[in-house]
Amino acid sequence: MGEVPGHRVLRLVEVMDTLRRECPWDREQTHESLAKYLVQEAYETLETIEEGDYATLPEELGDVLLQVVFHSAVAAERPEGDPGRFTVDDVADAIVDKMTRRHPHVFGGVDAADPDAVKANWETIKAAERAAAAEASGTGPTSVLDGVPFAQPAVLLADELQRRAVRNGVPADLIDDDGGAGGGLFTEVAGERAAGHDAETDLRSAARRFDARVRRTEAAARADGHEPRELDEGQWRTYWARTGD
């Protein structure tokens, strides 16, 4: 009988436990000190996907997985009864329970004939979960926007707020420039979304195209014996025109 998929994750847990005991740097880390690495590793994984470097993807995903196991190891060291204590198994249980609960068309008796029906079910279930959590905590009525993380990049945040609002009945035409700083950009995100595009992905693509053209322009200038940093505006415009697609 072959090895069960996922068995090597157990070895990672063992390695992490050893590092917490024997490595001075790993031993002193906390949730707070590790937070930046979780974001960094996620972005490095995103870049690998954007570049189509799938041969490197396992390594980058491993770095993300390490952060999950690392945080779990830190939490597991808290004393029994501490509300902040959990283990890597608690993390796995939480996501297994959530995925099972939010896919009743797979694990239950609910019908979902297409992706739109799946999304509708998902939103209904999430709304019920938020309401139950609010009732349990005594925090009062919930908003359709509860749970949207404001720590994410601004374009992603705008897109998620808009999608969540519209999916829950807010008229799309209410998403408009409010006249304040960033209002125009907020509506541009709405326009991308309405056109069926992903604003974050499209903006990153535009940034990459700009980066590539600047580099082509610099190369063209160097080929003529010029240092790019010494070009005046007219020269920049001339070389820029040469490097257009």
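This is a predicted model: local features need pLDDT of at least 70, side-chain atom pairs count only at pLDDT 80 or more; totals for chains, interfaces and linings use all residues.

Colleague: Why is valine 68 called partly exposed?

Modeller: Its relative accessibility is 34%. Buried means under 20% and exposed means over 50%, so valine 68 falls in between and counts as partly exposed.

Colleague: And what makes valine 68 part of a nonpolar surface patch?

Modeller: A patch residue needs over 30% relative accessible area, and valine 68 has 34%. The patch is made by Val9, Leu65, Val68 and Val91, and covers about 240 Å².

Colleague: What about glutamine 67, buried or exposed?

Modeller: Glutamine 67 is in helix α4 too. Its relative accessible area is 6%, and the cut-off for buried is under 20%, so glutamine 67 is buried.

Colleague: Which residues is glutamine 67 in contact with, leaving aside its neighbours within four places in sequence?

Modeller: Those are Leu34, Tyr37, Leu38 and Glu41. Contact here means heavy atoms within 4.5 Å.

Colleague: On to charges. How do you know that glutamate 77 and arginine 20 form a salt bridge?

Modeller: Their side chains come to 2.6 Å, N to O. The limit is 4 Å, so the pair qualifies. The pair links distant parts of the chain: glutamate 77 is in the loop between α4 and α5 (88–101), arginine 20 is in helix α1 (residues 7–22), and they are 57 residues apart. Glutamate 77 is partly exposed at 48%, whereas arginine 20 is buried at 8%.

Colleague: What makes the pair of glutamate 50 and arginine 208 one that ties parts together?

Modeller: The side chains meet in a salt bridge at 3.0 Å, N to O. Glutamate 50 belongs to helix α3 (residues 31–50) and arginine 208 to helix α10, so the bridge joins parts 158 residues apart in sequence. Glutamate 50 has a relative accessible area of 31% and arginine 208 has 35%; each value lies between 20% and 50%, so both residues are partly exposed. They also belong to a network of salt bridges that links Glu47, Glu50, Arg204 and Arg208.

Colleague: Why are aspartate 211 and arginine 215 said to be about one helical turn apart?

Modeller: Because they are four residues apart in helix α10. Aspartate 211, at 36%, is partly exposed. Arginine 215 has 52% relative accessibility, and exposed means over 50%, so arginine 215 counts as exposed.

Colleague: How many salt bridges does the structure hold?

Modeller: There are 15 salt bridges.

Colleague: Which residues line the largest pocket?

Modeller: The lining is Lys119, Trp122, Glu123, Lys126, Arg163, Val166, Arg167 and Arg193. The volume of this pocket is about 190 Å³.

Colleague: Which helix gives the most to that lining?

Modeller: That's α7, with four residues. Both α7 (115–137) and α8 (154–167) supply at least two residues each.

Colleague: One more: why is alanine 219 called partly exposed?

Modeller: Alanine 219, in helix α10 (residues 199–223), has a relative accessible area of 42%. That is between 20% and 50%, so the label is partly exposed.

Terms used: Residues are numbered from 1 along each chain as its sequence is written. Side-chain values use heavy atoms; hydrogens and water are left out. Patches are made of residues with over 30% relative accessible area and no salt bridge: like charges are joined within 9 Å, nonpolar side chains (Val, Leu, Ile, Met, Phe, Trp, Tyr) within 5 Å. Accessible areas come from the Shrake-Rupley method with a 1.4 Å probe; for residues, only the protein chains shown count as cover. Buried means under 20% relative accessible area, exposed over 50%, partly exposed in between (1.4 Å probe, protein chains only). On a 1 Å grid over the protein atoms alone, a cavity is a set of points where a 1.4 Å probe fits but cannot get out, and a pocket is an open set with protein on both sides within 12 Å along at least five of seven lines; lining residues have an atom within 4 Å of a point. Grid points are joined across faces, edges and corners, and a volume is the space filled by probe spheres set on the points.
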